[in-house]
Amino acid sequence: MAKRTALIVAAALVLPLCLYSCATAPGATHVAPDADPSGLLASLNERSKDITSFRGIGKLILMVKGERQTMRVAWIGSQPGDVRVETLGLWGQPNLTFLIKGSMFYVHARQEDRCYKGKATARNMSRFLSVPVRPEDLFVLLSGQVPVLPFHYVKIRHQEGEDQSCLCLYKKWRRLVQRLWVNDTGKTVTRIEVFDGWGHLQYSMLFRRFDEEGVGMADKIIISNDSGSVLSLDVENLQTGVQIPGSAFTPVFSCVQVVDLDP
């Protein structure tokens with residue numbers, strides 16, 4: 001059951017976890033060869049900073065051992081980084097809750113009457129998620145934006161005949177940490193890849209179905225990891241700048257068994 005719980009948690013979180021595709025938006029133009037890559041990244045970061053709260057609902061499709069599982073999922077978030085994600089049952093009741101509150105995170109599996117708690121680190125969260133995403137990146141993804149990992153320098157690559165360019169982010173010693181495919185002068189990110197700093201791919205995200213202008217959040221997100229597992233989220237509704245009570249992020253779980261991930 002623990003393995004099944006981990007799979008469900010992964011499905012509930014990596015939406016956006018939120019959480020896009022190589023297909024380009026209609027009418028998009030490719031980034032000019034003389035475009036400033038640092039300016040493009042600054043534009044992405046600025047859009048993310050403008051969002052202080054959000055709530056969304058959608059349909060999540062998870063492939064488990066060749067079987068397709070579909071579930072409803074809802075999520076909310078509020079600065080400085082609190083997040084709550086829930087999978088919903090047939091009548092809208094929450095089956096599983098994932099909560100990030102400050103420096104801590106919690107998981108409540110109601111069917112098993114089991115809770116997990118630990119520090120909100122990528123290492124601890126990777127025990128439940130299918131990708132080693134950082135809490136701050138999860139917040140950005142669920143808000144409908146694209147996370148940009150810490151880096152020391154960036155390069156931009158162009159390919160003839162394509163209407164998009166690739167931003168390559170590096171840490172020291174030329175260690176690749178992230179790639180972002182952008183079009184329409186950086187207004188739309190169609191795909192990202194995240195690496196562990198040693199050149200090993202950790203996960204990728206594809207973004208599909210943008211609005212008519214080819215900007216904003218994608219309505220479909222596909223996430224895969226290095227083992228080939230795939231999650232697909234259809235975002236049915238996402239609202240930003242909403243009022244969310246602070247109590248929504250207060251852990252009030254009562255479980256027979258509590259597993260501490262930081263003993």
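How many aromatic pairs does the structure hold? Three, and one of them comes up in point 5.

A quick word on ground rules. This is a predicted model, with local features taken at pLDDT of at least 70 and side-chain atom pairs counted only at pLDDT 80 or more, while totals for chains, interfaces and linings use all residues. Numbering runs from 1 along each chain as its sequence is written, and side-chain values use heavy atoms, with hydrogens and water left out.

1. Salt bridges first. A search of the whole structure turns up nine, a salt bridge being a side-chain nitrogen of Lys or Arg within 4 Å of a carboxyl oxygen of Asp or Glu. One of them joins Asp 82 to Lys 101, at 3.4 Å from N to O. This pair links distant parts of the chain, 19 residues apart: Asp 82 belongs to strand E3 (residues 82-88) and Lys 101 to strand E4 (residues 94-101). Helices (H or I, at least four residues) and strands (E, at least two) are DSSP runs, numbered from the N terminus. As for cover, Asp 82 is buried at 8% relative accessibility, whereas Lys 101 is partly exposed at 34%. Here buried means under 20% relative accessible area, exposed over 50%, and partly exposed in between (1.4 Å probe, protein chains only).

2. Arg 134, Glu 136 and Asp 137 are linked in a network of salt bridges. Between Asp 137 and Arg 134, the closest N and O atoms are 2.8 Å apart. Asp 137 is buried, with 4% relative accessible area, while Arg 134 is partly exposed at 24%. Helix H4 itself spans residues 135-142 and is mostly covered, seven of its eight residues being buried. Among them are Pro 135, Phe 139 and Leu 142. After H4 comes Gly 144, with a positive phi near 95°.

3. Cys 115 is worth a click. You'll find Cys 115 in strand E6 (residues 114-119), and at 6% relative accessibility it counts as buried. Cys 115 and Ser 254 are 139 residues apart in sequence, yet their C-alpha atoms are 8.1 Å apart in space. Setting aside neighbours within four places in sequence, the contacts of Cys 115 include Val 107, His 108, Phe 253 and Cys 255, where contact means heavy atoms within 4.5 Å.

4. Back to the rings. Among the three aromatic pairs, Tyr 153 and Tyr 170 are stacked, with ring centres 5.2 Å apart and planes at 10°. Rings of Phe, Tyr and Trp (its six-membered ring) pair if their centres lie within 6.5 Å; planes under 30 degrees apart count as stacked, over 60 as edge-to-face and the rest as tilted. This pair links distant parts of the chain, Tyr 153 in strand E7 (residues 153-158) and Tyr 170 in strand E8 (residues 165-171), 17 residues apart. Tyr 153 is partly exposed at 27%, whereas Tyr 170 is buried at 6%.

5. Finally, charges over rings. The charged end of Arg 174 sits over the ring of Tyr 170, 5.8 Å from its centre. Arg 175 lies over the face of Trp 198, at 3.8 Å from the ring centre. The criterion is NZ of Lys or CZ of Arg within 6 Å of the ring centre and within 35 degrees of the ring normal.
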